[in-house]
Amino acid sequence: MVAPEASQAMVQLADVSRTYRMGEVDVTVLRGVDLAVETGELMVIVGPSGSGKSTLLNIMGAMDRPSTGSVHFRGRDIASMSDRELTRFRRDHIGFIFQFYNLVPTLTARENVVVATELARDPLDAAEALEMVGLADRMDHFPGQLSGGEQQRVAVARAVAKQPQLLLCDEPTGALDAETGKAILRLLVDINDRLGTTIVAITHNAPIARLAHRYLRLGSGRIVERQFNTRRAAVEEIAW
Amino acid sequence: MSVLDRKLRRELLAQRGLLVSITAIVALGVACFVSMCASYLNLLAERDGYYRDGRMAHFWIDMVRMPRADIDRLAHMPGIARMQMRITYPVTIELEGVVEPMSGRVLSLPDPGLAAINDIVIRSGRRPEPGDRTGVMVGEAFARARGLNVGDRITLLMGGNRHELRITGTAQSCEFVYLMAPGGLLPDPKRHGLFYISRELAEDAFDMRGAANQIIGRVLPRHGEYPDAVIDPLRPLLSPYGLLSVTPRRHQPSHRFLQDELDGLIAFAVVAPLLFLGVAVLVINVKMTRLVQQQRPIIGTLKSLGYSDGQVVWHYVKFGLLIGALGGAMGVAGGQLLADWLAVVYLAYFEFPQIESRFHPVLAAVGMGFSLGATAVGTLRGARAALRLTPADALRTSPPLKVRRTLLERWPWLWRRLGVDWQNTLRNLSRSHMRAVSGGGAATTGVAMIVLALVYTDSLNELVELQYEHVMLSDIDLTLRDFAGPRAVLDAANLPGVQRVEPLLVVAGTLESGHRRREVALTGLTEANRLTQAIDRQGRRIEPPKRGLLMPRWLAERLELQPGDSVTFTPARGDRRPQRLTVARTFESFVGEAIYIHRDQLQRMLGSGAAVSTVQLRLEPGAANDERLFDALNKLPQVEAIGDVQRQKELLEQHMVGALRIFAAFLTGFAAVIFFGSIMTAGYIAIAERQREIATLRALGYGPWAVGMLLLREAMLLNITGALIGLVLGYYLAEASLQIVATELVRVPAVLHVRSMVIAVMLAVAFTFIAHLLVQRRINRMDWLEALKVKE
Ligand SMILES: Nc1ncnc2c1ncn2[C@@H]1O[C@H](COP(=O)(O)OP(=O)(O)OP(=O)(O)O)[C@@H](O)[C@H]1O
Ligand SMILES: [Mg+2]
C-alpha cells in the first residue's frame with residue numbers, strides 16, 4: 001500500500017482488523033481492510049447487514065479503534081491516540097449523520113445545531129446551517145414537530161455547521177421514503193460539490209452507489225469490490 | 001446557558017412530578033437533620049447561657065438543720081468555689097376558688113447584693129424585700145397557669161401554719177427548667193409551683209432562726225463535670241447536721257431531664273436523615289440508570305460530536321446534583337422553620353426565659369453537603385455507565401432488556417401453579433435487581449417509619465396501663481410531715497369518699513456497694529398493700545420479700561448487684577446507722593426508681609416509732625371531684641404534700657396523645673413521601689420502557705386499567721414484601737431508640753400490637769394504590785397508537 005505521506009489521501013487505513021470478544025468467542029468483524037479516502041471525494045460503502053460497514057465508518061471517524069492495523073488522518077496516526085485526543089479529533093474534523101437522526105428531543109432544531117457549534121472551532125452560524133438545508137422557517141420547532149426527512153435535515157445541518165473535513169453518514173436515508181431520501185442525498189451531493197467536504201456514506205440501497213465518485217462493497221469484513229463511477233448519476237436518476 | 005443545560009432544564013420540567021417526589025425525600029432528610037441538630041444547639045446554647053448567667057449550682061446538699069455560721073467550717077475544703085445556704089421545703093397551696101390539691105416548693109431568697117448561686121430571673125414585679133414577712137415571689141409557670149398577677153393573694157401552708165401572702169412578682173430559675181412535683185413524671189404547672197420568700201419569713205415559718213436546711217454550691221472549674229471528688233469529703237462533716245442527701249448536678253432532676261432530651265435529639269438527628277437519604281440514593285440510582293440507558297443514542301451522538309467523557313458525565317451528574325441542591329436548600333429552609341417551631345414547642349415543656357432559634361451556618365452547610373453527597377452517590381452508577389459507554393457502542397441500538405429466569409423457576413411445580421400473570425410479574429421484577437431493591441427498600445423504610453410511630457403509641461399506652469392499673473393503684477398519696485403513727489391512717493380512713501387506705505413507709509438514704517453510691521428511697525410494704533406493688537413481666541404481683549430488697553433490674557445493673565449480694569444502706573432518718581441488706585430479687589420496673597422492702601424489716605432498721613410516711617387512698621367512684629374531700633385533706637395537720645396519682649395518669653395520657661399524634665402524623669407523612677417517590681419513579685420508568693408492550697396490549701383490546709393492573713401487581717408485590725420487612729425493621733428501630741431515650745425515671749418497653757401491624761401494612765397498601773393512580777393517569781393519557789409507530 002502507498003505510504004501515507006506519499007498520497008494526498010485524507011484517511012488512510014492499512015490492514016485494519018476489528019475483533020469483538022463475545023463471552024468466550026472472538027468475533028472478527030473487519031479483516032485486513034486497506035483503504036484510502038481522497039480529499040474531496042464522495043465515497044459510498046455498500047454491503048449486507050452485519051458485513052462491518054458501521055464498524056468501518058466508526059473507525060474512520062475516530063469513534064472506535066482497530067484491533068490491528070493503522071489509521072492515518074492527513075498523516076496523523078489516530079489509531080494510537082488517547083481517548084482525549086480522539087475526542088478532540090472528532091470535535092475538530094469529523095461530522096456524523098445517523099440513520100435515526102439522533103436529535104435531542106427536548107431541544108429545538110436550532111438548539112440541536114448549537115449543541116455541535118458550541119464546541120466547534122470555526123462553526124457556521126446555526127441559523128445559516130439550517131437555512132442551507134431549507135429549514136429556515138422551522139428553526140424553533142422541536143424534533144417531535146418535524147417529519148423524518150426534516151429531522152434528518154436538521155441532523156445534516158448539525159453535522160455541516162461544524163465545518164468538518166470529513167462527513168460520515170451511516171445509512172442517512174435508511175429510515176426515509178424515496179422522496180425525502182432523495183432530498184437528503186441531494187443535500188449531501190451539494191455539500192460535497194459546493195463546500196468540498198469529503199463524504200463517506202453507508203447504504204443498503206445499492207443504486208445510491210451510482211452517485212459516488214467511488215464505491216466499495218463490503219462482505220464479511222472484507223472489501224470485496226472497489227469501483228470508480230466513470231459517470232456519476234444525478235439524484236433524479238436513481239431507482240429507489 | 002449552554003444548550004445542554006437547556007436540555008437538562010426541559011427534561012427536569014417534563015418530569016416535575018417525579019422530580020418533586022424525589023426532591024421531597026431528600027428535603028425531608030435534610031430538614032430532619034437540620035431541625036434536630038439546630039434544636040439541640042439552640043437548647044444547649046440556651047441552657048449554657050442560663051446556667052452561666054444564673055450561676056447554676058454544681059451540687060445540692062439537704063440536711064435537717066445547720067446553723068448558718070457553721071458554713072464557714074466547710075468553705076476551706078479543697079475544690080469548693082462558693083457555697084450558699086437556704087431554707088427550702090415542700091408546701092401545699094390554697095387559692096381562692098381552687099378545689100384540687102396543689103403543692104409546691106418554697107425557697108428562701110439569698111441576701112441582696114450577693115452574686116447568688118441559682119440566681120432567679122425576674123419576669124414581673126420585684127423580689128420581697130429582706131424582712132418582708134408577707135411577700136412572695138411566684139414561679140412564672142405556676143403564675144401563668146393560674147393567671148396570678150402581682151398584688152394577688154395566695155396561701156401557703158408552711159410548717160403546719162397557714163400564711164396568707166401577697167405576690168410581689170414572678171420569676172424563673174435555671175435550677176428548675178423542668179419542674180416536677182415529687183413522684184411526678186411530667187411538669188404540672190397548674191398543680192405545682194415555686195415560691196420564693198424572704199429569709200426572715202422562711203426562718204419564722206419553719207422555725208429555723210439562724211439556720212438553714214440546704215447548701216447549694218459551686219466547685220472550681222476543673223471539677224465542674226464531676227464534683228463528687230469535692231463533695232464526698234464533706235459528708236462526714238455534715239452528718240452532725242442530719243445529712244439527708246447530696247445531689248451532684250448530673251442527678252438533679254431538672255438538669256437530668258434536659259440532658260435526656262438533648263441526648264434523644266442527637267440520636268434522632270443521626271438516624272432519621274440516614275433513612276431518608278438512603279432511600280433517596282436508591283431511588284435516584286434507579287432513575288439515573290434508566291435515564292442514561294434511555295439516552296444512549298444521545299450520549300453516542302454527543303461523543304461523536306466531540307464532547308468529552310467528562311462533559312457527558314458531568315451533564316448527567318448535574319441532573320442528580322440539581323435534585324441534591326434543590327432538596328438540600330428546601331431541607332435547610334424547612335429544617336430552619338421546623339427548628340423555629342420546635343423552639344416554641346420546647347418553651348412549653350421547659351421553663352426558659354426564652355429559646356432563641358438561631359441559624360447555624362455549619363448545619364446548613366453540612367445539610368447541603370449530605371444532600372449533595374447522597375444524590376451524587378445516587379447518580380454514580382448511571383453516570384459511570386455513561387462514562388463506560390464507548391461512542392461506537394452508545395450508537396448501537398441498545399440490547400433488548402434481559403429477562404432473567406427467576407429463582408422460583410427452579411421449582412417448576414410451584415412456578416407452573418402461579419399462572420401467567422404472576423409469572424410475568426415475577427419476571428418483570430427480576431429484570432433489574434437494583435430496582436427491586438430500591439422499590440422494596442423504600443417500602444421497608446416507609447413502613448418502618450409508620451411502625452416507629454405505632455410502637456411508640458402502643459408502648460406508651462402499655463406503660464401507662466401497667467403503671468396505673470397494676471403498679472400504682474391509689475388515687476391520692478398523702479406525704480406525712482413526720483413519720484406518724486397509725487393514727488394518721490385512721491384519720492384518713494374517715495375522710496368522705498375514701499374507699500381504702502393503706503400506709504407506706506418510704507425512707508430516703510444512701511445505698512453503697514463497693515465504691516458505688518447512690519441516693520435512693522426504700523419503700524416499705526407488707527403483704528396487705530394492694531395500692532402499690534411490684535409486678536413481673538407478665539403483670540403478676542410480686543410479694544414483698546420477708547428479708548432483703550426487691551430492686552429494679554436496671555438499678556441493680558447500675559450498682560453491679562445481683563440477687564444474693566449485700567449492700568449497705570444508711571437511712572437519712574432515725575438513728576442513721578448503716579445497715580447491711582441483701583438483694584433478694586430484681587424486677588422489671590418501667591417508671592421510677594422505687595426499691596421495695598418488707599415494712600417490718602424497714603421499721604426494725606429505723607428503730608423507734610417510725611411507722612408511716614405516706615398514706616395512700618383509693619377513692620370511691622366520683623369522689624375525686626368532691627370538694628369536701630379536698631377541704632378535709634387540706635386540714636389534716638400531718639400532711640406535707642398531697643399527690644394526685646390519677647392526675648399524673650391523665651397528664652401522661654394528654655401529653656402522649658398530643659405529642660404522639662403530631663409525631664405519628666409527621667412520620668406517616670414522611671412515609672407517604674417515600675412511597676410516592678419510589679412508586680412514581682418505578683411506574684414512570686416501567687411505562688417508558690415497556691411502551692411498546694403496553695401499546696400492543698392496548699391494540700389487542702386491553703383497557704388502560706387492565707394494563708395498569710400489570711404494573712400495580714408488580715408494585716404491590718414489591719411494596720408488601722418491603723412492608724413486611726419494614727414491620728421488623730421498624731420494631732427494632734423503635735426498640736433501639738426507646739433504649740436510647742430511656743432515662744432513670746422512665747424506661748418504655750417496646751410493644752407492637754397486631755392491630756398496629758395491620759394498620760401499617762394497610763397504610764402501605766393504600767399509599768401504593770394512591771401513588772399508582774398517578775401512574776395510571778399516565779397510562780390513560782398515553783398515545784398508544786403513536787407508541788406503536790415509534791421505532792426503538
Ligand atoms: N460492540 C460490539 N460487540 C459485539 N459485536 C459487535 C459489536 N459491534 C458490532 N458487532 C458485530 O459486528 C458485526 C458487524 O456490525 P456492523 O454494525 O459493522 O454491521 P453493518 O454492516 O453496519 O450492519 P447493518 O447494515 O445491519 O448496520 C455484527 O455482526 C455485529 O453484531
Ligand atoms: Mg450499520
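## A chat about ligand 1 and its surroundings

Guide: Let's start at the ligand: a nitrogen atom of ligand 1 sits 2.9 Å from an N or O atom in the side chain of D393(B). Keep in mind that this is a predicted model.

Visitor: Okay, and how much of ligand 1 does the protein bury?

Guide: On its own, ligand 1 exposes 630 Å², and the protein buries 74% of that.

Visitor: Where does ligand 1 lie?

Guide: You'll find ligand 1 between chains A and B. There are 15 residues around ligand 1, and those that come nearest are S49(A), K53(A), S54(A), T55(A) and R396(B).

Visitor: You mentioned K53(A). What does its side chain do there?

Guide: A polar atom of the K53(A) side chain lies 2.7 Å from an oxygen atom of ligand 1. G52(A) has a contact too, but through its backbone: an N or O atom there is 3.0 Å from an oxygen atom of ligand 1.

Visitor: Which element gives the most to the shell around ligand 1?

Guide: That's α1(A), with three residues. This helix covers residues 53–60 of chain A, and β1 (9–22) of chain A also supplies at least two residues of the shell.

Visitor: How does that shell split by class?

Guide: Seven of the residues are polar, four are nonpolar and four are charged.

Visitor: What is V115(A) in contact with?

Guide: Leaving out neighbours within four places in sequence, V115(A) is in contact with L107(A) in chain A, and with V3(B), L4(B), L302(B), L305(B) and Y307(B) in chain B.

Visitor: Can we zoom in on Q336(B)? Buried or exposed?

Guide: Q336(B) counts as buried because its relative accessible area is 14%, and the cut-off for buried is under 20%. Q336(B) is found in helix α10 (residues 309–349) of chain B.

Visitor: What does the side chain of Q336(B) reach?

Guide: The backbone oxygen of R358(B), at 3.1 Å. Beyond residues up to four places away in sequence, Q336(B) touches V34(B), S357(B), R358(B), F359(B) and H360(B).

Visitor: Last topic: which phi value does N102(A) have?

Guide: Near 55°, which is positive in a residue other than glycine. N102(A) lies in the loop between β6 (94–97) and α3 (109–117) of chain A. S220(A), not a glycine either, has a positive phi of about 50°. Look for S220(A) in the loop between β9 (214–219) and β10 (222–228) of chain A.

Visitor: Are those two buried or exposed?

Guide: N102(A) is buried, with a relative accessible area of 11%, whereas S220(A) is exposed at 55% relative accessibility.

How values were computed. Residues are numbered from 1 along each chain as its sequence is written. Chains are lettered from A and ligands numbered from 1 in the order in which they are written. This is a predicted model: local features need pLDDT of at least 70, side-chain atom pairs count only at pLDDT 80 or more; totals for chains, interfaces and linings use all residues. Side-chain values use heavy atoms; hydrogens and water are left out. Helices (H or I, at least four residues) and strands (E, at least two) are DSSP runs, numbered from the N terminus. Buried means under 20% relative accessible area, exposed over 50%, partly exposed in between (1.4 Å probe, protein chains only). A polar contact is a pair of N or O atoms within 3.5 Å; within protein, one must be able to donate a hydrogen and the other to accept it, and residues adjacent in sequence count only if both atoms are side-chain atoms. Contact means heavy atoms within 4.5 Å. A residue is near a molecule or strand if one of its heavy atoms lies within 4 Å of it. Accessible areas come from the Shrake-Rupley method with a 1.4 Å probe; for residues, only the protein chains shown count as cover. Ala, Val, Leu, Ile, Met, Phe, Trp, Tyr, Cys and Pro count as nonpolar, Asp, Glu, Lys and Arg as charged, and the others, Gly among them, as polar.
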